[in-house]
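The entries follow in the order in which I made them.

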Amino acid sequence: MTTSHSTEAPPQGPLEEHFDATIARDQRIEPRDWMPDGYRNTLIRQIAQHAHSEIIGMQPEGEWITKAPSLRRKAILFAKVQDEAGHGLYLYSAAETLGADRADLTERLIEGRQKYSSIFNYPTMSFADVGVIGWFVDGAAICNQVPLCRSSYGPYARAMVRICKEESFHQRQGYELLMTMMRGTEAQREMVQDAVNRWWWPSLMMFGPPDDSSPNSARSMAWKIKRHSNDELRRRFVDMTVPQAEKLGVTLPDPELRWNAERGHHDFGTPDWDELMRVIKGDGPCNEQRMERRRSAHEEGAWVREAATAHAAKQAARAEKGAVA
Amino acid sequence: MSTPTTHEAAAFAGAALALGDDALVLSQRLGEWAGAAPVLEEEVALANIALDLLGQARVLLSLAGDEDELAFLREERSFRNVQLVEQPNGDFAHTIARQLYFSTYQRLLYGQLAAGDGPFSGLAAKAVKEVAYHQDHAEHWTLRLGDGTAESHDRMQRACDALWRYTGELFQPVDGLDLDHEALESAWLASVTDVLGRATITLPSGPRTGAWAAGAGRQGLHTESFGRMLAEMQHLHRSHPGATW
């Protein structure tokens with residue numbers, strides 16, 4: 001970045017007018033276009049945290065690759081975890097178009113200076129959790145991400161188009177696993193209901209704090225980085241999920257949940273926002289474990305990355321020598 | 001294929017099981033890397049290789065019986081994989097050395113089977129494309145680690161030495177597989193010698209089989225860590241007899 005003014009700086013004249021007009025016309029901002037520093041920094045933060053979530057999100061499901069109860073499910077899980085690593089790569093690339101550096105973003109994650117989705121701080125305790133993660137967590141991600149396909153920043157929007165296609169595939173597979181389990185033994189049905197009970201509220205919290213305490217939302221919406229508010233997306237998710245729960249034959253653990261014909265939406269209870277704050281601040285059930293795993297993979301892999309760099313340098317030196325000779 | 005004799009059918013199923021177990025067990029080991037790879041690109045690559053191997057295992061085990069029954073309800077003594085693939089992941093160099101030795105073998109094995117007209121030729125023709133990619137991946141990492149830093153060189157050398165004793169078993173005849181084992185072994189040795197040489201790794205000099213282990217894995221004799229690996233792989237399936245997933 002070459003400019004150093006704050007976001008409250010006075011209008012920049014033609015550059016800023018051009019930027020504002022592009023946003024107003026619903027056109028895309030591209031990497032070489034001028035953009036306010038606040039816009040750039042907000043996007044770096046959001047895209048990086050999105051990328052980190054894909055990477056940390058490999059852990060709760062990766063846990064079950066080695067334990068999957070059929071070879072078909074094992075293959076599905078492998079493919080899903082591989083897709084997540086791929087999503088992380090797309091998203092880090094999108095963040096790099098804004099001048100961020102992937103290695104630096106990784107450091108920020110490992111040092112706890114950047115966040116990842118609160119949901120991945122909950123443990124996967126049974127194989128039904130794998131299905132429920134597909135159904136709820138990928139479902140919530142889709143609610144969040146489909147509108148991001150129209151986000152004002154081009155590289156982010158294009159990454160979202162590719163990611164959403166794969167996420168909806170995962171969501172259907174998760175739901176299909178639960179359907180299969182619900183048609184199975186009594187123990188399997190109990191496993192599914194237990195997983196639903198444990199993941200429902202954390203999934204609702206994935207949309208972030210309520211609108212009246214979401215400090216970045218208004219600006220992100222004005223810049224069309226975000227297209228809908230947290231509460232609006234949360235409502236959509238509930239409306240989408242309730243009929244799926246009925247079809248599956250499970251109950252959602254919320255006594256206040258009911259259809260409101262007047263509003264045309266479901267009414268539902270209030271997530272425990274204190275719990276969300278504790279999880280975001282690092283005090284959830286698996287925060288430490290997730291971070292430790294990422295940190296140790298990074299540290300134990302250092303010699304491998306150093307070897308690759310040293311080998312590339314040797315190869316380059318040999319090529320140069322060859323070219324001279 | 002003309003109507004097989006009972007012996008031919010049994011040999012075919014046995015060979016499918018041996019090759020299927022190799023792929024299944026190595027896939028399981030690679031699955032242990034999920035979320036722990038040294039770079040993100042390797043998360044993708046290792047999962048990709050594991051998924052290819054799992055696909056091969058499913059086809060092969062289905063030729064021998066029910067894939068899930070065979071994977072989840074047999075005990076150690078009934079598994080027919082070579083001991084090389086069940087070796088623990090160790091550090092990244094150990095995983096790469098195991099991949100180099102095994103993928104070179106698989107590439108040559110499936111190359112031979114694809115060129116023949118036996119019952120495995122169709123399956124081998126598909127697999128050979130996958131294992132060529134696996135071998136390429138292992139070769140590149142062997143070069144990077146061997147000819148990288150002093151530390152990576154030492155680790156790669158140690159890994160190649162440690163796994164060397166499990167490579168002789170790859171060339172024991174398997175009933176039901178029509179192969180030129182001598183050609184397979186000499187091509188394998190030539191390829192591995194070339195890669196290790198370019199990686200500045202000294203070709204290990206120890207025996208290629210243990211004192212009594214020649215062909216052991218194929219007879220259901222396995223190393224100690226294998227039981228723990230199976231316990232993890234099978235526990236959920238075994239805990240719910242008759243359940244479908």
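I first wrote down what buried means: under 20% relative accessible area, with exposed over 50% and partly exposed in between (1.4 Å probe, protein chains only). The model is predicted, and I noted that local features need pLDDT of at least 70, side-chain atom pairs count only at pLDDT 80 or more, and totals for chains, interfaces and linings use all residues. Residues are numbered from 1 along each chain as its sequence is written, chains are lettered from A and ligands numbered from 1 in the order in which they are written, and side-chain values use heavy atoms, with hydrogens and water left out.

Entry 1, chain B as a whole. Of the 245 residues in chain B, 55% are buried.

A salt bridge is a side-chain nitrogen of Lys or Arg within 4 Å of a carboxyl oxygen of Asp or Glu. Side chains of opposite charge can pair when their charged atoms come close. I searched the whole structure and got 29 salt bridges over all chains.

Which side chains meet Arg198(B) in a salt bridge? Glu139(B) does, at 2.8 Å, N to O. This pair links distant parts of the chain, with Glu139(B) in helix 6 (residues 121-146) and Arg198(B) in helix 8 (residues 181-198) of chain B, 59 residues apart. Asp194(B) also meets Arg198(B), at 3.1 Å, N to O. Asp194(B) and Arg198(B) are 4 residues apart in helix 8 of chain B, so about one helical turn separates them.

I then looked up accessibility. Glu139(B) counts as buried because its relative accessibility is 15%. Arg198(B) is partly exposed at 41%, and Asp194(B) is partly exposed at 40%.

The side chains of Arg263(A) and Asp267(A) form a salt bridge of 2.7 Å, N to O. Arg263(A) is partly exposed at 40%, and Asp267(A) is partly exposed at 26%. I also noted a network of salt bridges that links Asp26(A), Lys224(A) and Arg227(A).

Definitions and conventions. Helix = DSSP H or I, 4+ residues; strand = E, 2+ residues; numbered from the N terminus.
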